[in-house]
Amino acid sequence: MSPDLVRIRKLSVELGGNRILSGVDAGLARGQITALIGLNGSGKTTLLKALLKEVPFRGTIEFHCGHDHSHPTPQHIGYVPQRLQCDANMPLTVRDLLALALQRRPLFFGIPGAIRRELAGMLSSVGAPHTLLDRPVEKISGGELQRVLLALALHPKPELLLLDEPAAGVDFQDQESFYDFLARINRETGVTILLVSHDLSIVSKHSHHVLCLKDGRIQCQGTPTEILGSLRQTFGDKGLFGHNHD
Ligand SMILES: Nc1ncnc2c1ncn2[C@@H]1O[C@H](COP(=O)(O)OP(=O)(O)OP(=O)(O)O)[C@@H](O)[C@H]1O
Ligand SMILES: [Mg+2]
């Protein structure tokens, strides 16, 4: 079995006539947490979208997991987006958002009791209170939303979890517990994680491998310790340390 769950070769993406990613070669090691770092606009979100087949790309992305990834929307991938693009006027509650993912029937038929209990369990599994269920999605805080999206991404159990700055809206105190939680599900379930972060202290503490993007190309990669010096060169001593960009 290949040690990489995902192998990316010569990946290039062009959007709106601009080259966004060029010749990206990288692997996502099975069962490990890979951090994806780089300055704003370096192509991190675009790389995640290529893995999700949400943008056209050249090159190859091979999934070595035994599932069919030729499907337009790959299964077995959980995704927490950097921002949610939905109509702020849509009166969707957290319960509706989660129930839509769980049941294959329209909401106007109602949500059965068994599903309601499962929804409460989904929230408590990510440390969010079940009282969030009744709240409109557009009214909950950034940190609460990220937890709801994480609960959604973990169901059904993914083999690959793509997290695009998942703690950007989370309080400083809650960030540690958020990342400890991610590390725990990585250990306990063996899920492979690709995590976009600007916080190099989080990256060095919680990732096994780091991919560093610059202007759409891999500038360096290795263990956090191996490339810390190189990261400092790219970002400076302050820059991205302990700081979340939006
Ligand atoms: N649909 C699009 N059409 C044209 N250009 C795009 C499109 N989407 C993204 N871009 C451009 O591609 C570049 C990379 O964007 P991307 O969102 O991948 O960066 P990022 O590394 O995630 O940045 P950030 O840290 O700010 O989230 C940016 O210059 C962005 O403006
Ligand atoms: Mg981004």
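User: Are F108 and F109 buried or exposed?
Analyst: Both F108 and F109 are exposed. That term means over 50% relative accessible area; buried is under 20%, and partly exposed lies in between (1.4 Å probe, protein chains only). This is a predicted model, where local features need pLDDT of at least 70 and side-chain atom pairs count only at 80 or more, while totals for chains, interfaces and linings use all residues. Residues are numbered from 1 along each chain as its sequence is written, chains are lettered from A and ligands numbered from 1 in the order written, and side-chain values use heavy atoms, without hydrogens or water.

User: How many aromatic pairs does a search of the whole structure find?
Analyst: Two. One of them is F108 with F109, at 5.0 Å centre to centre and 55° between the planes. Rings of Phe, Tyr and Trp (its six-membered ring) pair if their centres lie within 6.5 Å; planes under 30 degrees apart are stacked, over 60 edge-to-face, the rest tilted. So F108 and F109 form a tilted pair.

User: What makes the pair F178 and Y179 edge-to-face?
Analyst: The centres are 5.7 Å apart, so the rings pair, and the planes stand at 85°, so the pair is edge-to-face. F178 and Y179 are both buried.

User: Where in the chain do T45 and Q82 lie?
Analyst: T45 is in helix α1 (residues 44-51). Q82 is in the loop between β5 (77-80) and α2 (94-102), 37 residues from T45. Helices (H or I, at least four residues) and strands (E, at least two) are DSSP runs, numbered from the N terminus.

User: Why is the contact of R7 and D4 called a salt bridge?
Analyst: The N to O distance is 3.0 Å. The definition asks for a side-chain nitrogen of Lys or Arg within 4 Å of a carboxyl oxygen of Asp or Glu, so the pair qualifies.

User: Why is D4 called buried?
Analyst: D4 has 15% relative accessibility, so D4 counts as buried. R7, at 23%, is partly exposed.

User: What makes E176 and K205 a link between parts of the chain?
Analyst: E176 and K205 form a salt bridge, with the closest N and O atoms 2.7 Å apart. E176 lies in helix α5 (residues 172-189) and K205 in helix α6 (residues 200-206), so the pair ties together parts 29 residues apart in sequence.
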